[in-house]
Amino acid sequence: MSYRNGLNYLESKTKVLELYDRFGARVAVCPEWNGRVMTSSGDGLDGISYGLIHVAEIDAKQVDPTFCFFGGEDQLTLSPEGGPFSLYYGTETGEDEQMLTARDHIHLPRGFQEGPFLVDIAPPDPQIRMRRSVQMTNLAGANFDFDMVRTVRLLNRWDIHQVFGDPVAVSLEQADVSYVGFETINTLVNRGTPLTRESGLVSIRIRSMFNSGQNTVAIVPFRTGNERELGPSVCADFFGTAPHGRLRVLPQAALLRADSKYRCQIGVSRKRVLPFLASIDFRIGLMTLTTFNLPPNPWESDYLSNEYCETVSNTVADFMNTREYFLRESAGLHTDESEEESGIILERDPEDTPYSGEVVRAYNHGPSFPGEVPTAQFFEFDVFSPAKELNRGESLTHHQFTAHINADNQTLAYLARTILGVDYDLVYDKILR
């Protein structure tokens, strides 16, 4: 849809605040929907709407039991999603044990569902500042009380130069290039008891959903080096092995076809991560760049595991990671059967703990098996902040930057080479040809 159509639709459903400039950049923010940036445009009202707007889910008005799956290209939420310290199977809801152990009943913490973000600063100011308080309980029984502060700011050309560097800044000077860039500043303040590793930490997660396309490729650069020291380049077996041609791992980046034809996900560990994610839609000539504040030595920080809960029985929830679950399924080992009983021994990563999760993920939504109809057509970037032990009054802040650049092939090839370290034509040949 066009940005104008998207904006009109959103305004018929909720309050929308908009940031824009005289060059055609526009950003739509919905304070009542967790303050998310829903969509943006680099070509004014009649430009393409870049963020996913999940019309079917919004029309259904199911704003409470699961994920508020409305879409949006910059959504603030919290981590961990799964594991023994999960916020998404928390015990504050009063649900019975059967509900807690069912995969179908994963839900956002109720604190996210009770009331909108309050707006402190709004247009005509060049930024939007929002805040709210949330209370929640993790699966281990730890209680949390947080203030959340979120600022959305439209980036001008100088900002983009500072964030993305000279190659992007020079490219934007061309007359036939359109772009939009924005920053979100996300702060979590602890107003409750101290957070400890023993009772479970919390981190910031930014979830970005973009419209998929038949000729769209997600690009995930990673730190090169010896696999013995750094581990695999990317984690690519979340949902089993991707079919041939959907995922390619180059020496410096992983390529994932983002067409909503097959469910597939890749992640990058704290030893391999670089502060860039990108996508290219070769049909319309659009590059999306995402960057964020990464600690100087991310391998020294805790990053929470975000694996899902699987049901072992009607009364016990066993948190195994997604890779292990699919290995067990493919090996014919049922969740109520031990490895010793089956004779199947699964290899485990010695660093697979609640505090050694991925820093970034790229996900292509789609069917998991023939005949399944996907709920929406999108691909997604997930970025996680480090988790820290916070005393009362201490805070954690995560900065994230998104830019969409619509340009000719020569300009996009220059950006791919200088920022991402990949050859534009090679990306196309490896995934789309």
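Is F70 buried or exposed? F70 is buried, with a relative accessible area of 2% (buried means under 20%, exposed over 50%, partly exposed in between, using a 1.4 Å probe and protein chains only).

## Ground rules

This is a predicted model, where local features need pLDDT of at least 70 and side-chain atom pairs count only at pLDDT 80 or more, while totals for chains, interfaces and linings use all residues. Residues are numbered from 1 along each chain as its sequence is written, and side-chain values use heavy atoms, with hydrogens and water left out.

## Aromatic pairs

The structure holds eleven aromatic pairs (rings of Phe, Tyr and Trp, the last by its six-membered ring, with centres within 6.5 Å; planes under 30 degrees apart are stacked, over 60 edge-to-face, the rest tilted). One of them is W33 with F70, an edge-to-face pair at 4.7 Å centre to centre and 65° between the planes. It links distant parts of the chain, 37 residues apart: W33 is in the loop between strand 2 (26-30) and strand 3 (36-41), and F70 in the loop between helix 2 (55-60) and strand 4 (75-79). Helices (H or I, at least four residues) and strands (E, at least two) are DSSP runs, numbered from the N terminus. W33 is buried as well, with a relative accessible area of 10%.

Then there's F85 with Y355: the ring centres are 6.1 Å apart and the planes sit at 35°, so this pair is tilted. F85 lies in the loop between strand 4 and helix 3 (97-100) and Y355 in the loop between helix 8 (339-342) and strand 18 (360-364), so the pair ties together parts that are 270 residues apart in sequence. Both F85 and Y355 are buried. Elsewhere, F69, Y363 and F378 make up one aromatic cluster.

## Charges over rings

R26 has its charged end over the ring of Y20, 4.5 Å from the centre. R157 lies over the face of F23, at 4.8 Å from the ring centre.

## Strand 20 and its partners

Strand 20 (residues 395-406) is mostly covered, with nine of its twelve residues buried. Strand 8 (residues 178-190) pairs with strand 20 in the antiparallel sense over twelve bridges (pairing takes at least two DSSP bridges between two strands), and V180 stands opposite H404. Strand 15 (residues 286-292) also runs antiparallel to strand 20, joined by seven bridges; here T291 has F401 as its bridge partner.

N34 lies in the loop between strand 2 and strand 3 and is buried, at 7% relative accessible area. S260 is in the loop between strand 12 (253-257) and strand 13 (264-268) and counts as buried at 4%.

Notes. A charge sits over a ring if NZ of Lys or CZ of Arg is within 6 Å of the ring centre and within 35 degrees of the ring normal.
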